Amino acid sequence: MPTYAILGATGKTGGALLDLLVKAPSTHINAYVRSKAKLLDQRPGLEKNKNLTIFEGALSDIPLIASTLNPAVDAAFCVLGVNENIPGIRVAQDTANSVIAALCHIRNKDIHFEPPKLVFLSSASLNATMLSEEPAAVKAIITRAMSHAYADLRFAEENLRLHQGWLDATFVQPGGLTEDVQKGHKLSVEKMSSGFLSYLDLAAGMIEIAESGTYKWMGVSVMPTAKDVKFEPNAPPQLLRGLVWHFAPWLYWTCRSLRIVS
């Protein structure tokens, strides 16, 4: 029975991974969340699944993360993150730091420990090869509208790559994401999708990467095979907010202090 860990099971990507993995009766899932109540509210009845173990607590709780990534785990999906360009964001960095510390914690107790394959959610915008086909104006807007989030992802990847000698990681780099049904996907190490990809298709691609045993330390894009994937209506306002937070990061903190944004 394969065992998978999901770090960030209450997010949209984590939830999509859960929805797909629970359909496989021979798969065990370790789901890390900061709030178990939130997870069970999102997916009532999930606690009855005997192949699911829920780990609740702070990401900084290294023994807890080590339990989530125990030696039985074959692959870990690291999907904690936000879809906003928040100044100073470091969710990806904190995830990478905690995962590395947790795996070191296990390794110190068992020198024969083989770490799970890490499938780390990133972005195609960090991959120069994938971004090369985009018009210069589009690249300028995207990289600025998500500049803080991309910096967080970049630092996390750099940290993980310091441990190439004993870890195995793949950076999943999709384009725009949307909520839609599963319609089919394909993987690429050269191109990114010009349209949107559903979270369920992203999850299916991440599972394929985990099961493949390939793509070690590579950036892999998950692209839709269907041409009728829904447009994400929140994308334009998200890009606009991101540009504002890029050029005036102080304004974000002002708005947050006034509780205009969360």
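Me: What makes E6 and E10 a pair, and in which sense do they run, parallel or antiparallel?

Reply: Two strands pair if DSSP finds at least two bridges between them. E6 and E10 have two bridges, in the parallel sense, so they meet that rule. In E10, Val220 is the bridge partner of Val172. This is a predicted model, where local features need pLDDT of at least 70, side-chain atom pairs count only at pLDDT 80 or more, and totals for chains, interfaces and linings use all residues. Residues are numbered from 1 along each chain as its sequence is written, and side-chain values use heavy atoms, with hydrogens and water left out.

Me: How do you know that strand E8 pairs with E10?

Reply: Four bridges join E8 (residues 185-188) to E10, and the two run antiparallel. His185 stands opposite Pro224 in E10. As for the names, helices (H or I, at least four residues) and strands (E, at least two) are DSSP runs, numbered from the N terminus.

Me: Why is E10 called largely enclosed?

Reply: Buried means under 20% relative accessible area, exposed over 50%, and partly exposed in between (1.4 Å probe, protein chains only). Six of the six residues of E10 (residues 219-224) are buried, so the rest of the structure largely encloses this strand. Gly219, Ser221 and Met223 point one way, while Val220, Val222 and Pro224 point the other way.

Me: What makes the link between the side chains of Asn83 and Tyr199 a polar contact?

Reply: A polar contact is a pair of N or O atoms within 3.5 Å; within protein, one must be able to donate a hydrogen and the other to accept it, and residues adjacent in sequence count only if both atoms are side-chain atoms. The polar contact here is 3.3 Å, so it falls within the limit.

Me: What makes a set of residues a nonpolar core, and which members of the largest one touch the most others?

Reply: A nonpolar core is a set of buried Ala, Val, Leu, Ile, Met, Phe, Trp, Tyr and Cys residues joined through side-chain atoms within 4.5 Å. Of the 40 residues in the largest core, Leu69, Leu103, Leu118, Phe120 and Leu160 touch the most other members. H4 gives the most to this core, with eight residues.
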